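Please keep the structure in view while reading.

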Amino acid sequence: MSTAAHGNPWVAVRPEDDLAQLARQVSCAHRCFIEGDERLPIDPVRPVVLDSWRRSRSNGVDPDRFGAGVDLDGLELQRYRATHPTALIRPVVRKLLVEDAAEAGLLVAISDAEGRLLWVEGDSKVKDRALAMNFVEGADWSEDRVGTNAPGTALALDHHVQIFGAEHFSRVVHEWSCSAAPVHDPRSGRIIGAIDITGGPRVAAPEVLSLIRATVSAAESELRLLMLDAPKPLVSTTARLEALGPARPTLIRDGERIRLSQRHAEILLLLANYPEGLSADHLAMLLDESELDPVTVRAEMSRVRKMLGANGLGSRPYRLLMDLDTDVDEVRRALARGDTSAALRAYPGPILPRSLAPGIAELRVELRGRLRAALLTAGDRRLLARWTGSADGREDVAAWTAYLSSLDRQSSLYAQVKTQLRLLDRKLGI
């Protein structure tokens with residue numbers, strides 16, 4: 001039976017499957033997909049896997065050049081793990097999974113919400129073998145970094161999932177199988193990380209996924225009990241403004257998602273960027289240089305105050321009295337620490353792309369310019385592929401040129417990018 005025929009799309013194999021035959025079928029499908037063969041034998045490939053392959057390819061993941069980088073190590077990793085909420089569930093995971101996994105020749109990993117592996121435990125010999133694919137503590141196993149894999153794809157989809165052998169996008173991982181599920185903060189519902197079992201083909205069996213799900217349930221119950229004594233959410237509920245990309249701007253506060261009007265999103269983002277405060281006249285100028293008067297601004301601020309609460313907004317000057325994080329700040333923080341990959345992951349598109357407010361336009365140009373400069377400096381083929389495939393980078397000649405320079409001249413991709421650059425030059429009259 002093919003995996004595509006299973007009733008449960010999240011399960012990789014069933015007891016009645018011929019694993020050797022299935023492995024050959026999936027491997028053939030993977031090879032055809034990577035080579036762009038139109039005769040791709042879709043039948044053995046589950047939709048959840050095929051969709052992940054497509055995302056991996058669009059993100060510029062190279063199936064032959066494994067790219068899991070170690071984001072955290074040494075003292076930095078120790079400090080990060082010590083304060084991370086997944087540290088609270090580690091005793092449960094060790095009790096339910098790790099001891100048996102070590103005896104069974106398997107590995108158990110706990111990641112954070114970004115896909116970084118915080119703990120990898122289990123059979124020592126298997127752990128040594130996993131070094132070849134950089135499955136180590138501190139490594140980034142997010143889907144957009146290494147392609148299809150259980151912990152990364154589980155986080156990307158916010159759902160439990162199994163990945164069997166050649167279902168992995170990277171060929172380096174084809175001898176492995178894995179089952180993973182995300183873990184949530186019981187209070188806010190936000191993802192705090194994922195739990196994964198990695199090993200041979202048997203890890204793709206349905207009962208392993210059931211074991212993972214049971215462990216996640218136990219871990220979240222443990223978190224719920226711990227929160228009775230400390231009811232504060234594990235993941236900070238500091239208000240967050242999402243203003244990047246084409247989606248409608250949103251304010252997230254106390255676990256609630258509040259859809260914002262364009263004007264209210266503009267006001268909140270400007271206030272977040274001017275913590276010292278703004279007068280009504282200055283705010284009016286940043287929102288509209290010619291037609292907005294201070295009276296209209298005061299009316300809008302009254303509506304914003306109702307939304308934030310009486311203690312959320314100060315006046316004379318207008319200023320935020322609460323912590324407001326933004327997705328713009330997330331990109332800036334990643335750029336400040338030199339993590340261009342994380343910055344690009346956090347950047348789904350321009351700041352409030354439909355806004356004509358002068359203050360927003362200035363922020364938009366500034367952020368795009370910083371991100372673009374970091375990408376060109378890094379010269380990373382994978383990141384440049386993602387940038388040139390985005391609305392911001394589609395006509396960025398310098399980025400296309402850098403992308404071309406990063407490729408092997410003998411590869412078919414080099415010829416494709418060169419053709420695209422030639423068409424772009426012609427279109428722009430360069």
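Which residues in α9 and α14 meet? E266, L269, L270 and N273 of α9 are in contact with G359, I360 and L363 of α14, where contact means heavy atoms within 4.5 Å.

## Basis of the model

The model is predicted: local features need pLDDT of at least 70, side-chain atom pairs count only at pLDDT 80 or more, and totals for chains, interfaces and linings use all residues. Residues are numbered from 1 along each chain as its sequence is written, and side-chain values use heavy atoms, with hydrogens and water left out.

## α9 against α14

The contact of α9 with α14 divides into 4 nonpolar, 2 polar and 1 charged residues. Here Ala, Val, Leu, Ile, Met, Phe, Trp, Tyr, Cys and Pro are nonpolar, Asp, Glu, Lys and Arg are charged, and the others, Gly among them, are polar. Helix α9 covers residues 262-273. Helices (H or I, at least four residues) and strands (E, at least two) are DSSP runs, numbered from the N terminus.

α9 and α14 pack at an angle of about 60°, with axes 10 Å apart. Axes are lines fitted to C-alpha atoms, for helices over the stretch in contact, and angles run from 0 to 180 degrees between N-to-C directions. The crossing is left-handed, that is, the near helix is turned anticlockwise from the far one by less than a right angle.

Helix α15 (residues 381-388) is mostly covered, with 8 of its 8 residues buried. Buried means under 20% relative accessible area, exposed over 50%, and partly exposed in between (1.4 Å probe, protein chains only). Among the buried residues are R381, R382, R386 and W387. The buried residues of α15 pack against α2, α6, α13, α14 and α16.

α15 and α16 (residues 397-405) pack at about 145°, with their axes 9 Å apart. α15 passes α16 in a left-handed crossing. On the α15 side, R381, L384, A385, W387 and T388 take part; A399, W400, A402 and Y403 meet them from α16. This contact of α15 with α16 has 7 nonpolar, 1 polar and 1 charged residues.

T340 sits in α13 (residues 340-345). T340 is buried at 12% relative accessible area. Leaving out residues up to four places away in sequence, T340 touches A374, L375, A378 and L383.

## Pocket and cavity

The second largest pocket holds about 790 Å³ of space. On a 1 Å grid over the protein atoms alone, a pocket is an open set of points with protein on both sides within 12 Å along at least five of seven lines, a cavity is a set where a 1.4 Å probe fits but cannot get out, and lining residues have an atom within 4 Å of a point. Grid points are joined across faces, edges and corners, and a volume is the space filled by probe spheres set on the points.

This pocket is lined by 29 residues, and I34, R57, Y403, S412 and L413 lie nearest its centre. α1, α2, α15, α16 and α17 each supply at least two lining residues. The largest share, 5 residues, comes from α17. The lining of the second largest pocket has 11 nonpolar, 10 polar and 8 charged residues.

There are 3 cavities of 30 Å³ or more. The second largest cavity has a volume of about 40 Å³. Its lining includes M133, W141, H168 and C178. By class, that lining has 7 nonpolar, 3 polar and no charged residues.

L77 lies in helix α3 (residues 74-83). L77 is buried at 7% relative accessibility. Its contacts beyond four places in sequence are L72, L118, E137 and G138.

E143 belongs to α6 and is buried at 4% relative accessibility. Beyond four places in sequence, E143 contacts residues including S52, R55, N149 and A156. E143 and G115 are 28 residues apart in sequence, and 7.8 Å apart C-alpha to C-alpha.

## Positive phi in two loops

Most residues other than glycine have a negative phi. N134, not a glycine, has a positive phi of about 60°. N134 lies in the loop between α5 and α6 and is buried at 19% relative accessibility.

D158 also has a positive phi, near 55°. D158 is found in the loop between α7 and β3. D158 is partly exposed, at 38% relative accessible area.
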